[in-house]
Amino acid sequence: MDGVHQIGPESSKHDFGALRIAVILPCYNEEHAIGQVVADFREALPTAEIYVYDNNSTDRTVDVAHEAGAIVRTEPRQGKGNVVRRMFSDVDADIFVLADGDDTYEAGAAPELIRKLLDHQLDMVTGRRVAIDAEKAYRRGHRFGNRALTGLVQLFFGVGTQDMLSGYRVMSRRFVKSFPALSLGFEIETELTVHALELRMPIADHPTAYKERPPGSVSKLSTIKDGMRIGFTIIRMLKAERPLMFFSSIASALALLSLVLIAPVFWEYLQTGLVPRFPTAILSGFLMLAAIVSVAAGLILDSVTLGRRELKRLSYLNLPATSRHRSQLGARVGETV
């Protein structure tokens, strides 16, 4: 637990100037936890607006959130990605604190995450989870899956975080308002990370305590199903953001298969001057042709992706960086007067 921020009386003392801070909490059937989550964030960030976005809960989540003093809104399309997209569209602030409503994240660490974002002029700080009790905090297979999927993203897109699947993030306004959320479910964390890495945004991790859910709260994450969806999301984003790498990999596999098939045919031709397995030779030729077409497709799409990335980068740069001493919302209002 070394280096992990602990909740205490000093943690709530902060000065973020005129900055507007929004705590945004996606929720689905969290009546046993959401009240405590809202209270903890209220204590950690007394001036923040706390939003709870309910995603078709069948229990008392909405009532409990209202009673706790949160601003409650709903998103009827099921899935965390849909909820996050709605929150990013509806809520306006200078700094966004995204967390889950299951009371597993350390609300008291929020001021430290915000300070790190401001002091280092970052666009996203991820709360890297350090489990208080790993056996209770993580379900079986989750730690391995997180390491494996995080490793894949680091391999393909670069190292930006050690905990890609953490749902605890502090983000700048220019990150949130330039993020084209497309995911539907739990793969939204992957999309957030890859978006930041592809645009070379300044991001960092910060260790935070991670605990088990309170009694009565049940995880909605399916280890195998959602793990596969996240894996397919990484492949989809690799194709979209790194098409030359993606299609070159396919081309390499096709070319290798072509050479394996043609090798005995070519050797027999050298020995006898005949090509008795003509269909194999034709198949090998088609596979090599497909490999060449795949490389060509990768080159073309790579140029298209570069143009898209430049447009996304310009959209991102069109928004001002977060400053401790000046509210972006106030600046925008002043500029229009």
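User: At 4% relative accessibility, does Gly108 count as buried or exposed?
Analyst: This is a predicted model. The relative accessibility of Gly108 is 4%, and buried means under 20%. Gly108 therefore counts as buried.

User: Where is Gly108 placed, and what distance separates its C-alpha atom from that of Thr208?
Analyst: Gly108 sits in the loop between β4 (95-98) and α4 (110-119). Along the chain, Gly108 and Thr208 are 100 residues apart. Their C-alpha atoms are separated by 9.2 Å.

User: How many of the eight residues of strand β7 are buried?
Analyst: Ile203, Asp205, Pro207 and Ala209 point one way from β7, and all are buried. Ala204, His206, Thr208 and Tyr210 point the other way and are buried as well. In a regular strand, side chains alternate between the two faces of the sheet. For β7 (residues 203-210), the number buried is eight of eight.

User: Which residue stands opposite Pro207 in β7?
Analyst: Strand β5 (residues 124-131) pairs with β7 in the parallel sense, over eight bridges. Opposite Pro207 in β7 stands Arg128.

User: Which helix supplies the largest share of the nonpolar patch?
Analyst: The patch lies on the surface and has about 1,100 Å² of accessible area together, with Phe266, Trp267 and Val293 among its residues. Both α10 (243-272) and α11 (278-317) supply at least two residues of it. Leu270, one of the patch residues, is in helix α10. The largest share, five residues, comes from α11.

Definitions and conventions:
Residues numbered from 1 in each chain as written. Predicted model: local features only at pLDDT ≥ 70, side-chain atom pairs only at ≥ 80, totals over all residues. Heavy atoms only, no water. Patch = residues over 30% accessible without salt bridge, like charges linked within 9 Å, V, L, I, M, F, W, Y side chains within 5 Å. Areas by Shrake-Rupley, 256 points an atom, 1.4 Å probe, with all protein chains shown as cover. Salt bridge = Lys/Arg side-chain N within 4 Å of Asp/Glu carboxyl O. Helix = DSSP H or I, 4+ residues; strand = E, 2+ residues; numbered from the N terminus. Buried < 20%, exposed > 50% of the residue type's maximum accessible area, 1.4 Å probe, protein only. Pairing = 2+ DSSP bridges.
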